[in-house]
Amino acid sequence: MSDEPATTRIFIMGKAYDVPAGVTIMDAMEYAGYRFVRGAGCRSGFCGACGTVYRKEGDYRLEFALACQEMVEDGIHLTQLPFTPAPREDYVLEDLDPTENVLLQHYPELARCVACNTCTKACPQDLEVMDYIQAALRGDLARVVELSFDCIQCGLCAMRCPADIKHYHMAQMARRLYGVSASPAPGHLAERLQEMEAGRYEDELDALVAASTEELKARYAERDIEKSSEESA
Amino acid sequence: MDPIAYFPGCSLKDSARPFELSALAVMEALGLPLIELPRWTCCGTVASLATDDLMHHVSSARNLVRTQETGGKELVALCSMCFNTLKQVAARVNGDVDARDKVNAFMDEEEDYEGGIDVLHLLELLRDRVGWDAVEERVNRPLFDVPVSAYYGCTLVRPKGVGIDGSDAPSVLGGLLEALGASVIATPFDTECCGSYQIVDRRDLAMDRALRIVVAAKTRGAEVIVTSCPLCQHNLEQAVGEFGEEALNGAAPAVVYFTELMAIAFGLEQVEVPARLQPVLDAHRLGATEGAT
């Protein structure tokens, strides 16, 4: 028995590296010497900055993941695709008529969808991407919102699409449009805005602004995360 | 009878909502309810005729997989164009094992399509399974005297083997209209193309064709033109809007879906009467509520 920690052999852009077993792709790349200036963000699977493409040995399919979430496996070949050059349409939400198919008007390449489902296979969030594109084609805003809600805008769908659809930008437009046109106005938000306008938080804010760095650090360290999550529950 | 899966298509969820709503209502009334195919995708719009272009068959083929998943053996289309595309692709992947294997291999995330799903148009269901006699029995507000042009267009009756009726002298819409008590107007343009998707890039061309169809119906006395295709409906109504009463020498015929006329003849008041059809009904004393039982 060796005391050597277990290692995994991975291939980053074709070059072999032995990295600790059981770490994420992102940690493995940093272990191998890569330093992320871009292509890394929250490191918690929410920001969508670290899109990664890999192939397992002997598999005919490409796999897609977030580097900060996926564990390394022996023999995988990988590279990062942290950014997708995909233009986002300009629009003013209030000027749009949601009863017309404005999604198709702003993203006409939607009509090029042949239902190949490649986008769905590329989604690290396991969303039914093709289904929301199909819903967008027929102007079903609510369904686009429902199916795309957990999108983290990594852009891998648009990178893979043979029809050059900008899925994630279109779905973001759909969610924004649905927000201003169809979803009920949140009562608690209006209430909180009123409180703010009435100056309820002024004193607290002034105290924070006046506090020293040491004091702020101490307050941050002492903050009670569990308590606040109980309150919100 | 078990409900049959129907394929709405994108237009019926958007610009052609009245088509879907009226179709569902009349089929319910006939005791043959339709259920929407779950997770359907666009039909593909136009069936690619190139034998090696299976990529453009995937969208239709996926709908056949969805039908197979429901346990059904049939898929009913309402829009003529969807019907045509779905049926052409079904013929291909049902009959050609190599093509089916290739499409199945590509759709590796789906269960394999095993073949054998039939694509029908709603008019076939009405003609062959319900029958005109049963339709006539359900009518409680016959469309006495209303002269209706039975406009087929292309995709319902062409090509041979796909079309649901002969393309020379089709009779399916006429049979339906007679059962509803309308007076059927035939024109030489009944199976002419409306201009189809040329409306997008060659509006002049599409309008030229559409106007001829409307004028042919109008000059033979039609007050209504009935269609089974959202694109035909759009193009013909566009021609009416563009050229108006001047070109048509009087009130333009209302272009409506066959299911909308059925709903009126069945007295289904929950189905909205198309705005341009109302004056026609009024003139024939077939007001929205009058005479319904």
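This is a predicted model: local features need pLDDT of at least 70, side-chain atom pairs count only at pLDDT 80 or more; totals for chains, interfaces and linings use all residues.

Author: Residues are numbered from 1 along each chain as its sequence is written, and chains are lettered from A and ligands numbered from 1 in the order in which they are written.

For chain B, the assignment (automatic or from a database) gives domain 1, covering residues 4-123, and domain 2, covering residues 131-283. If you take the centres of these two domains of chain B over their C-alpha atoms, they are separated by 24 Å. Where the two domains of chain B are in contact (C-beta atoms, placed from the backbone, within 7 Å), domain 1 contributes 22 residues and domain 2 contributes 25 residues.

Looking at the domain 1 side of that contact in chain B, you will find that α1 (17-29) and α3 (80-95) are the elements that give two or more residues to it; here helices are DSSP runs of H or I with at least four residues, strands are runs of E with at least two, and both are numbered from the N terminus. The largest share of this side comes from α1(B), with 8 residues. Sorted by class, the side of domain 1 of chain B that touches domain 2 has 14 nonpolar residues, 7 polar ones and 1 charged one (Ala, Val, Leu, Ile, Met, Phe, Trp, Tyr, Cys and Pro count as nonpolar, Asp, Glu, Lys and Arg as charged, and the others, Gly among them, as polar).

Let us turn next to the sheet of chain B. Its 4 strands form an open sheet with parallel pairing, and their order is β2-β1-β3-β4 (two strands pair if DSSP finds at least two bridges between them). The edges of the sheet are held by β2 (34-36) and β4 (118-121) of chain B, and because each of them has a single partner strand, one side of each is left without a neighbour in the sheet. On average, and with direction ignored, neighbouring strands of this sheet are turned by 40 degrees against each other. One pairing to follow by eye is that of β1 (residues 4-7) with β3 (residues 74-77) of chain B, which runs in the parallel sense over 3 bridges. There, Y6(B) stands opposite V76(B) in β3(B). The helix α3(B) packs on this sheet, where it touches β1, β3 and β4 of chain B, and its direction makes about 160 degrees with that of β4(B) (axes are lines fitted to C-alpha atoms, for helices over the stretch in contact, and angles run from 0 to 180 degrees between N-to-C directions).

Finally, consider a pair of helices in chain B, α7 (residues 172-180) and α11 (residues 258-265), whose axes come within 10 Å and cross at roughly 15 degrees. That angle makes α7(B) roughly parallel to α11(B) (under 35 degrees counts as roughly parallel, over 145 as roughly antiparallel, 65 to 115 as roughly perpendicular and the rest as oblique). From α7(B), the residues L173(B), L176(B) and L180(B) meet F258(B), L261(B), M262(B) and A265(B) of α11(B). This contact of α7(B) with α11(B) has 7 nonpolar residues, with no polar and no charged residues.
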